[in-house]
Amino acid sequence: MDGRVIGNALLIYPHCSSDVTHVEHVFVSARQEDRLANEITVNAISGRVETRNKGEAPIGSTVGHGRRQRIALGGYCDLCGTRFALVITQHKGSALVEWAEREIPLWNDEDPLDTVEDSF
Ligand SMILES: [Zn+2]
């Protein structure tokens, strides 16, 4: 694994070097520094949005929670079938990037609504 994310303008899944990947969800762990998070999920296919989720946005093993917000793009590799998340964690003045492969939240697609939002 060389950690490369982009090759020829394609998202590369580094564990198998496949460029046949699918990105279908956006996870946001929204918070101010050191505060509690509002966990938000967007299904990029159905358009469904859920806020104040009980489940936590995917998190990488190297960076951890950091001190601020975290954004993850969730998807899967068509070659090996692995579900992954490309995780961007804001920590102090840097945006840290890493892959997560475990505990990617499952998404319920059985009830595809256009938009579901909870008020803040
Ligand atoms: Zn793969």
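Analyst: Two strands pair if DSSP finds at least two bridges between them; strands themselves are DSSP runs (E, at least two residues), numbered from the N terminus. This is a predicted model, in which local features need pLDDT of at least 70 and side-chain atom pairs count only at pLDDT 80 or more, while totals for chains, interfaces and linings use all residues. Residues are numbered from 1 along each chain as its sequence is written.

In S6, Ala72 is the bridge partner of Phe27. Strand S3 (residues 21-30) pairs with S6 in the antiparallel sense over eight bridges. S3 also pairs with strand S4 (residues 38-43), again antiparallel, over six bridges, and there Phe27 stands opposite Thr41. Beyond neighbours within four places in sequence, Phe27 is in contact (C-beta atoms, placed from the backbone, within 7 Å) with Thr41, Ala57, Pro58, Ala72, Gly74 and Ala85.

The open sheet has six strands in the order S5-S4-S3-S6-S7-S8, with antiparallel pairing. Its edge strands, S5 (49-50) and S8, each pair on one side only. S6 and S7 are joined by seven bridges, and Gly75 stands opposite Phe84 in S7.

A nonpolar core is a set of buried Ala, Val, Leu, Ile, Met, Phe, Trp, Tyr and Cys residues joined through C-beta atoms within 7 Å; buried requires 20 or more other C-beta atoms within 10 Å of a residue's own, placed from the backbone. The largest such core comprises 12 residues: Tyr13, Phe27, Ala57, Ile59, Ala72, Cys77, Phe84, Ala85, Leu86, Val87, Trp99 and Ala100.

Note on methods. Contact = placed C-beta atoms within 7 Å. Helix = DSSP H or I, 4+ residues; strand = E, 2+ residues; numbered from the N terminus.
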